[in-house]
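Thanks for coming. I have one structure to go through today, and I will keep it short.

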Amino acid sequence: MKPLVWITRQLPEESISPLREIAEVKMWSSADQPMPAEELKQAAGEADAMWVMISDQITREVIEVAPKLKIIANLAVGYNNIDIKAAKEKGVIVTNTPDVLTGTTADLAFALMLATARRIPEAEREVRNGKWTGWSVNQLTGMDIHGATLGVVGMGRIGEAVARRGMGFDMRILYHNRTRKPEAEEKYGFEYAELDTLLKESDFVVLLTPLTPETKGLIGKSEIALMKNSAILINVARGGVVDEQALYEALLNKEIWAAGLDVFETEPVPTDHPLLTLPNVVVLPHIGSASIRTRNNMMAKNTESIAACLQGKEIKNPVK
Ligand code: DGY
């Protein structure tokens, strides 16, 4: 009997066709809506392999009702949606999709920097809403990116890609990370800084840390208080890294200048969320890796990981 692969969203047939050759493949009926928790548990209960999304909560409870499960392939580089400890205890391999989304996510971080600094969405709204009455000296004036100081918090692959983009804008680059990156310091002139120093000195603070117990609420009221009044906070990591209430208050009181957010504590972010009432916030629906090419490459990685696992071959992207 062929092993069973459960995919928690409706995906294009061509992305998963290699799996059909070696396994029975079941897919959730919706491309946009996650599987309800009960259905997810039932799927886990019969699956040999699960292909999941960041919107699926793969809890201990899900893992413990999955007697045959060998692999959980997460269609993302982050994996805070999966109880890694529970998976490890049950001998279930977890994989992610690093590398292929690095440049795409770094591009989006930069897009948010530009959008917030130059007030692009606000300006666009003015034109569409007939508020553009003519040229004026102070009309929609923003901040410069070129020559500014960029502070990257979390200097993994994506952090480094953002920092390298900053070089093209003649930025001074500070970074904070669990471990120092002497090679990047040497090669690109990036400067390591303690978090407090980075927050005090940066014009743009870009968050790229994974969400872990250590980074949950990393940027709260006292951290935001260290930032310049003219500074901009960009979050393309996970919503939980920032205290959203503290951020809202700081933006409302003009303690910082703007924020660009691709991620939220609760996703989709509720439309009545206080942050959405502020003009100096640019919000996006978690589209960091959403280019056609990158999403195809991510799906190819998941296909490859599951196929390798089911065929007893080496798995390239296990989460350690
Ligand atoms: C990731 O890969 O972790 C991204 O957040 C998903 O787009």
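I will take a helix pair, then the nonpolar cores, then a few backbone details.

Keep in mind that this is a predicted model. Two packed helices are described by the angle between their axes and the distance between the axes. Here the pair is H5, residues 102-117, and H7, residues 157-168; their axes come within 8 Å and cross at roughly 55 degrees. H5 and H7 are therefore oblique to each other, and the crossing is right-handed. On the H5 side the contact involves Thr102, Gly103, Thr105, Ala106, Ala109 and Phe110, and on the H7 side Arg157, Ile158, Ala161, Val162 and Arg165. Sorted by class, that contact has six nonpolar, three polar and two charged residues.

Now the cores. The largest nonpolar core has 55 residues, and Val206 and Ile234 have the most contacts inside it. H5 gives the most to this core, eight residues. Leaving out residues up to four places away in sequence, Val206 touches Ala109, Leu150, Val152, Val153, Val162 and Ile234. Another core, of 41 residues, lies apart from it and includes Ile7, Ala43, Ile58 and Ile63.

Last, the backbone. Most residues other than glycine have a negative phi, and most peptide bonds are trans. Arg119, in the loop between H5 and H6, has a positive phi near 55 degrees. Asp170, in the loop between H7 and strand S7, also has a positive phi, near 55 degrees. Which of these two is buried and which is exposed? Arg119 is buried, because 21 other C-beta atoms lie within 10 Å; Asp170 counts as exposed, with 10 C-beta neighbours inside 10 Å. Finally, Glu267 and Pro268 are joined by a cis peptide bond, with omega about -5 degrees, and Pro268 sits in the loop between strands S11 and S12.

Notes
Residues numbered from 1 in each chain as written. Predicted model: local features only at pLDDT ≥ 70, side-chain atom pairs only at ≥ 80, totals over all residues. Axes fitted to C-alpha atoms, helices over the stretch in contact; angles between N-to-C directions. Helix = DSSP H or I, 4+ residues; strand = E, 2+ residues; numbered from the N terminus. Parallel < 35°, antiparallel > 145°, perpendicular 65-115°, else oblique. Left-handed = near helix turned anticlockwise from the far one by under 90°. Contact = placed C-beta atoms within 7 Å. Nonpolar A, V, L, I, M, F, W, Y, C, P; charged D, E, K, R; others polar. Core = buried A, V, L, I, M, F, W, Y, C linked by C-beta atoms within 7 Å. Buried ≥ 20, exposed ≤ 12 C-beta atoms within 10 Å, placed from the backbone.
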